[in-house]
Amino acid sequence: MIQPTSLLELTKTELTARLAAWGAPRYRADQVWEWVYKKLATDAAEMTNLPVALREQLAAELPITPLTVAAERRSQDNQTIKWLFRLPDGQTIETVLMLYDQRQTVCISTQVGCAMGCVFCATGQAGLARNLSAGEIVAQVLAAARWLAGRQETADAAHDQSAQPGPASANQRLTNIVVMGMGEPFANYERTWAALRTLTDPQAFGLGARHITVSTVGLPQGIRKMAEEPLQLNLAVSLHAANDTLRTQLVPINHRYPIAEVMAAVRDYIGRTKRRVTFEYALMHRINDSPAHARELSGLLKGLLCHVNLIPLNPVAESPYQPATPENAAAFQQILAARGIPATVRLRRGLDIDAGCGQLRRRMNN
Ligand code: SAH
Ligand code: SF4
């Protein structure tokens with residue numbers, strides 16, 4: 001059976017045209033848009049200010065979400081929720097919601113798998129299946145926002161736990177998006193940006209661009225393209241090593257785009273946007289966590305408008321890579337700080353629920 005297109009694939013203009021073709025007046029598109037992006041409707045049946053016939057046509061031809069819940073996990077402290085979502089073609093992707101005191105951040109995927117093959121990453125080990133569509137990217141954010149609003153996704157898995165109620169304070173809003181789930185956003189650039197345009201559009205989901213961070217493995221042409229975008233998003237670059245020999249071992253795409261090319265693109269980006277760039281550095285025991293590595297990194301980043309996130313590695317099953325010790329992480333951070341490079345050691349979230357990139361999908365597929 002051919003799956004009908006999700007409404008989330010459409011721009012407002014496309015939706016207006018579609019409804020016009022059905023004979024509906026123009027303002028109906030505004031109403032539908034509001035139901036979907038502001039009231040977070042999951043079903044056209046909820047759209048009570050629309051004629052019944054239009055609701056039925058919408059339900060049949062433009063279902064709202066392309067996602068169903070294949071699994072849901074909550075960390076013991078209830079601060080991290082991870083979903084494995086099933087897509088219409090049966091593929092699965094991960095989305096993680098992280099609850100902090102003042103912020104609620106969703107981490108979204110842009111591809112099913114990833115072609116970049118980073119050796120410490122569960123997603124990279126599985127290879128690339130396909131790109132996500134814009135609607136599949138948008139849908140992850142809406143699902144997290146609905147959960148925060150105390151609403152539920154449809155579920156089809158026997159072991160699914162989503163029938164449980166949402167959070168106690170049910171009217172929390174989603175405040176941040178990080179594009180740091182499965183996949184390389186710059187390898188699926190147009191669809192990722194189409195999704196981000198909808199998510200930032202004040203008439204649609206309307207999240208401020210400054211509350212969104214896009215993380216890349218370091219594809220120079222993507223970094224340069226992003227610098228030209230009108231949206232003021234934040235850029236994060238996954239560096240993990242400051243010399244090409246080590247970086248190529250950890251991040252194989254470095255062979256094609258070595259550090260000097262990545263850094264040249266980052267410098268152009270900062271020159272153009274005047275925005276601070278985040279560098280991610282997954283600290284791996286005895287691989288990239290020595291004082292010498294910290295000094296090398298500070299040399300590379302000297303004078304740059306940047307911040308370094310030091311993330312003790314999330315261990316991946318059957319992988320030899322282990323997290324740096326807390327002592328080594330602290331020493332690494334202090335060396336950077338002493339050389340004027342602002343750096344934070346990030347807490348690892350949701351270790352008990354395979355919250356690291358690609359880990360839950362991998363477990364469920366095994
Ligand atoms: N492909 C993009 C975005 C998705 S990965 C990128 O690589 O930046 C998001 C972040 O998670 C990256 O910084 C990536 O290096 C990091 N990551 C992947 N596997 C990890 C692991 N096992 N432990 C810690 N960080 C990991
Ligand atoms: Fe892909 Fe990012 Fe994982 Fe590397 S770290 S394999 S680029 S998802």
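An oxygen atom of ligand 1 sits 3.4 Å from a polar backbone atom of Thr 216. That's one detail from a predicted model, so let's walk through what else is in there.

**Around ligand 1**

- There are 15 residues around ligand 1, and the ones that come nearest are Gly 183, Ser 215, Ser 238, His 240 and Asn 314.
- His 240 uses its side chain here: one of its polar side-chain atoms is 2.6 Å from an oxygen atom of the ligand.
- Gly 183 uses its backbone instead, with an N or O atom 2.9 Å from a nitrogen atom of ligand 1.

**Around ligand 2**

- Here you'll find Cys 114, Met 116, Gly 117, Cys 118, Cys 121, Gly 124, Gly 183 and Val 217.

**The largest nonpolar core**

- In soluble globular proteins, nonpolar side chains tend to be buried together.
- The largest nonpolar core in this model has 113 residues, and Leu 58 and Phe 279 touch the most other members.
- Which helix gives the most to this core? That's helix α5, residues 134–148, with eleven residues.
- The core lies between domain 1 (7–61) and domain 2 (68–158 + 168–365), because both of them give residues to it.
- Want to see who Leu 58 touches? Leaving out residues up to four places away in sequence, its contacts are Leu 7, Leu 19, Trp 22, Val 32, Ala 44, Met 47, Leu 50 and Pro 63.

**Two loop residues with positive phi**

- Arg 286 has a phi near 60 degrees, which is a positive value in a residue other than glycine.
- You can find Arg 286 in the loop between strand β10 (277–283) and helix α10 (291–301).
- Is Arg 286 buried or exposed? Its relative accessible area is 73%, so it counts as exposed.
- Glu 318 isn't a glycine either, yet its phi is positive, at about 65 degrees.
- Look for Glu 318 in the loop between strand β11 (306–312) and helix α11 (326–338).
- Glu 318 is exposed too, because its relative accessible area is 75% and the cut-off for exposed is over 50%.

How values were computed
Residues numbered from 1 in each chain as written. Chains lettered and ligands numbered in written order. Predicted model: local features only at pLDDT ≥ 70, side-chain atom pairs only at ≥ 80, totals over all residues. Heavy atoms only, no water. Core = buried A, V, L, I, M, F, W, Y, C linked by side-chain atoms within 4.5 Å. Buried < 20%, exposed > 50% of the residue type's maximum accessible area, 1.4 Å probe, protein only. Helix = DSSP H or I, 4+ residues; strand = E, 2+ residues; numbered from the N terminus. Domains from an automatic or database assignment. Contact = heavy atoms within 4.5 Å. Near = heavy atom within 4 Å. Polar contact = N/O pair within 3.5 Å; in protein donor to acceptor, adjacent residues only side chain to side chain.
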